[in-house]
Amino acid sequence: SEPLAIFLFLFFFNLIINNIKNKFVINLPFYFLFGFLLFITVAVRPNYLPASLFLILSMSIYLLKSKKYLKQFLFIILGFSFLLFLPVHNYYYGDTLLFFTSGVSKLNYIPLSTWFNLFFDILSFNIINIKDNYGPLLSNLNRWIQPDEIHYIITFSIVTLILITKHKLYVKSISIMCILQHLVCIYLVPDGRYAYLAWILTFIINIYFLNYIYITYLKKN
């Protein structure tokens with residue numbers, strides 16, 4: 001399911017960027033298909049929901065700002081609205097009202113309440129027993145990026161740098177989606193197939209950064 005979900009996500013993101021940059025004229029069925037296939041992306045890989053929602057939000061804002069594309073916006077929402085059938089499906093076949101799946105309980109996930117507790121403990125300087133109180137959380141962070149994996153730290157730092165410095169809007173959008181997917185990783189499972197999209201987006205940003213450094217500084221000299 002990961003290759004399918006990643007392919008659909010990156011394919012339509014590429015189409016959107018080309019549409020915005022070159023102002024292609026695209027018919028209404030495309031926008032419905034855009035929303036519908038992002039629904040498929042989330043249906044097969046629910047952990048891609050944050051990046052998919054951001055992609056839809058970005059496209060919707062762009063269309064609404066254009067003031068002439070209300071129909072296109074409505075077609076995107078119509079295509080993605082099939083996501084609402086998932087809890088109906090789960091209730092009908094599983095007799096349980098769940099939006100996605102109960103499988104998350106089998107993953108090594110950290111409840112959001114634990115993250116909030118850690119955050120407030122750090123703010124209040126209550127850090128004496130952090131290792132004992134937040135062992136699973138710290139273990140997840142260590143699995144996400146181990147302290148000795150310098151290359152991972154550098155590549156993720158570049159994503160953050162791109163976001164807070166002056167770059168093209170679509171590049172910043174990739175950075176935001178990348179960070180969103182990394183946040184999902186440290187909430188659920190920070191490695192393996194659950195981290196594919198996050199690190200693919202990280203790789204894309206790093207390639208852009210190296211190209212930017214080459215054109216801006218090295219090529220001129």
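Predicted model: local features only at pLDDT ≥ 70, side-chain atom pairs only at ≥ 80, totals over all residues.

Mentor: Residues are numbered from 1 along each chain as its sequence is written, and side-chain values use heavy atoms, with hydrogens and water left out.

Trainee: How many helices and strands does the chain have, and what makes a run count as one?

Mentor: The chain has 11 helices and zero strands, where helices (H or I, at least four residues) and strands (E, at least two) are DSSP runs, numbered from the N terminus.

Trainee: What share of the chain counts as buried, and what is the cut-off?

Mentor: Buried means under 20% relative accessible area, exposed means over 50%, and partly exposed lies in between (1.4 Å probe, protein chains only). Of the 221 residues, 37% count as buried.

Trainee: Why is serine 139 called partly exposed?

Mentor: Serine 139 lies in helix α8, and its relative accessibility is 35%, so it counts as partly exposed. The C-alpha atoms of serine 139 and proline 190 are separated by 9.9 Å, although the two are 51 residues apart along the chain.

Trainee: How do you know that the buried residues of α8 line one face of the helix?

Mentor: In helix α8 (residues 135-144), the residues Leu137, Asn140 and Trp144 are buried. Seen down the axis of α8, its buried residues fall within an arc of 60°, so they line one face; the arc is that of the directions from the helix axis to the C-beta atoms. An α-helix has 3.6 residues a turn, so residues three or four places apart point the same way. The cover over the buried residues of α8 includes α6 (112-123), α9, α10 and α11.

Trainee: What makes a set of residues a nonpolar core, and which residues touch the most other members of the largest one?

Mentor: A nonpolar core is a set of buried Ala, Val, Leu, Ile, Met, Phe, Trp, Tyr and Cys residues joined through side-chain atoms within 4.5 Å. The largest such core has 40 residues, of which Phe34, Leu55, Phe80 and Met177 touch the most other members. Among the elements that give two or more residues to this core are α1 (2-22), α2 (28-44) and α3 (49-66), and the largest share, eight residues, comes from α1. With neighbours within four places in sequence left aside, phenylalanine 34 is in contact (heavy atoms within 4.5 Å) with Phe12, Ile16, Leu55, Ile56, Met59 and Ile76.

Trainee: What makes Tyr196, Ile200, Phe203, Ile204, Ile207 and Leu210 a patch?

Mentor: Patches are made of residues with over 30% relative accessible area and no salt bridge, like charges being joined within 9 Å and nonpolar side chains (Val, Leu, Ile, Met, Phe, Trp, Tyr) within 5 Å. A salt bridge is a side-chain nitrogen of Lys or Arg within 4 Å of a carboxyl oxygen of Asp or Glu. Tyrosine 196, which is in helix α11 (residues 196-218), has 43% relative accessibility and therefore counts as partly exposed. Together the six form a nonpolar patch on the surface with about 570 Å² of accessible area, by the Shrake-Rupley method with a 1.4 Å probe, where for residues only the protein chains shown count as cover.
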